[in-house]
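Here is a short tour of one protein chain. Keep the sequence and the 3D view side by side as you read.

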Amino acid sequence: MKKRIVSGMILCLALVVVGCTGEDGARGPAGPAGTANVIYSDWYETDPWVQEAFYGAIERTFTMTTTALTQEIIDHGVVLVYMRFLGISPEICQLPVTVEDVDYRFHFRARAGSIKVAYYSIPSPGTDPGAIPSGNVARYVLIPGGALDEIAGSRGISRSRLIDSLGAMTYEETCGLFEIHE
């Protein structure tokens, strides 16, 4: 009787071992995005600025187009836009920003496929602010939701706290965090 039980156990063990071998299955779904998935542009020349009316304000605008900006990033990620201004300190500013020397407010509007950068005169928003000097440039940084989650988790903070802190970071800090190169 003992031999039968032992033989049965050996047979079961052999079946388990043989049953565990075979071909590899299909690859599973991709994991969360990392900083490698952060998308950033080269610097765009901001000329020419086009005059447009927007809810009663007269703005000057220019548009950066990119297929990388999806509705998914707009809904669940973060879009950052930076401008490098000539003759202004700090030289590189995250939008939105007020340039006090000229009393202009620079901001952006993102939609799938494009980012429109705009500025208007704060004291007289209903009049054309005029063109700013050429040579200023802008760039965008697109951070998918998965990358936000990964970075927040690695820092031990919530996603919302990370998003809040991105607005307070300097350009250099953002570049360091997301390994963005000039």
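Which residues of the largest nonpolar core touch the most other members?

## The main core

The model is predicted. Its largest nonpolar core has 22 residues. Those that touch the most other members are Trp 49, Met 64, Val 81, Met 83, Phe 106, Ile 115 and Val 117. S4, S5 (78-84), S7 (97-99), S8, S9 and S10 (137-143) each give two or more residues to it.

In soluble globular proteins, nonpolar side chains tend to be buried together.

## The overall build

Now step back to the whole protein. It has five helices and 10 strands. It has 182 residues, and 36% of them are buried. The accessible surface comes to about 11,100 Å². Carbon and sulfur atoms hold 56% of that surface.

Look next at contacts between residues at least 6 apart in sequence. Of these, 65% join residues at least 24 apart.

## Rings that pair

The protein has 10 aromatic pairs. Take Trp 49 and Phe 106. Their ring centres are 6.3 Å apart and their planes stand at 70°, so this pair is edge-to-face. Edge-to-face needs planes over 60 degrees apart. Trp 49 sits in the loop between S2 (44-45) and S3 (50-54), while Phe 106 sits in S8 (residues 104-111), so the pair ties together parts 57 residues apart in sequence. Are these two residues buried or exposed? Both Trp 49 and Phe 106 are buried.

Tyr 104 and Tyr 119 make another pair. Their ring centres are 5.2 Å apart and their planes are at 35°, so the pair is tilted. Tyr 104 belongs to S8 and Tyr 119 to S9 (residues 114-121), so the pair links parts 15 residues apart in sequence. Tyr 104 is buried, at 12% relative accessible area. Tyr 119 is buried too, at 0%. Ring pairs also build a cluster: Trp 49, Phe 62, Phe 85, Tyr 104, Phe 106 and Tyr 119.

## Charges over rings

Two arginines reach over rings. The charged end of Arg 84 sits over the ring of Trp 43, 4.4 Å from its centre. The charged end of Arg 109 sits over the ring of Phe 54, 3.6 Å from its centre.

Find Arg 60 in S4 (residues 57-65). Why does Arg 60 count as buried? Its relative accessibility is 14%, and buried means under 20%. Which side chain does the side chain of Arg 60 meet in a polar contact? The partner is Asp 128, at 2.7 Å. Beyond four places in sequence, the contacts of Arg 60 include Trp 49, Tyr 119, Pro 129 and Gly 130.

Thr 61 is also in S4. Thr 61 is buried, with a relative accessible area of 2%. Its side chain makes a polar contact with the side chain of Glu 52, at 3.1 Å. Beyond four places in sequence, Thr 61 touches residues including Pro 48, Trp 49, Arg 109 and Lys 116. Trp 49 itself is in contact with both Arg 60 and Thr 61.

Ala 112 lies in the loop between S8 and S9. Ala 112 is partly exposed, at 42% relative accessible area. Ala 112 and Thr 67 are 45 residues apart in sequence, yet their C-alpha atoms are 7.6 Å apart in space. Residues that Ala 112 touches, beyond four places in sequence, are Leu 69, Thr 70, Gln 71 and Ile 74.

Where are the cis peptide bonds? One joins Asp 47 and Pro 48, with omega about 0°. Pro 48 is in the loop between S2 and S3. Another runs from Leu 95 to Pro 96, with omega near 5°. Pro 96 is in the loop between S6 (92-94) and S7.

Asp 103 has a phi of about 60°, though it is not a glycine. Asp 103 lies in the loop between S7 and S8 and is partly exposed, at 32%. Glu 179 has a positive phi near 55°. Glu 179 follows helix H5 (171-178) and is exposed, at 53%.

Note on methods
Residues are numbered from 1 along each chain as its sequence is written. This is a predicted model: local features need pLDDT of at least 70, side-chain atom pairs count only at pLDDT 80 or more; totals for chains, interfaces and linings use all residues. Side-chain values use heavy atoms; hydrogens and water are left out. Helices (H or I, at least four residues) and strands (E, at least two) are DSSP runs, numbered from the N terminus. Buried means under 20% relative accessible area, exposed over 50%, partly exposed in between (1.4 Å probe, protein chains only). Contact means heavy atoms within 4.5 Å. Accessible areas come from the Shrake-Rupley method with a 1.4 Å probe; for residues, only the protein chains shown count as cover. Rings of Phe, Tyr and Trp (its six-membered ring) pair if their centres lie within 6.5 Å; planes under 30 degrees apart count as stacked, over 60 as edge-to-face and the rest as tilted. A charge sits over a ring if NZ of Lys or CZ of Arg is within 6 Å of the ring centre and within 35 degrees of the ring normal. A polar contact is a pair of N or O atoms within 3.5 Å; within protein, one must be able to donate a hydrogen and the other to accept it, and residues adjacent in sequence count only if both atoms are side-chain atoms. A nonpolar core is a set of buried Ala, Val, Leu, Ile, Met, Phe, Trp, Tyr and Cys residues joined through side-chain atoms within 4.5 Å.
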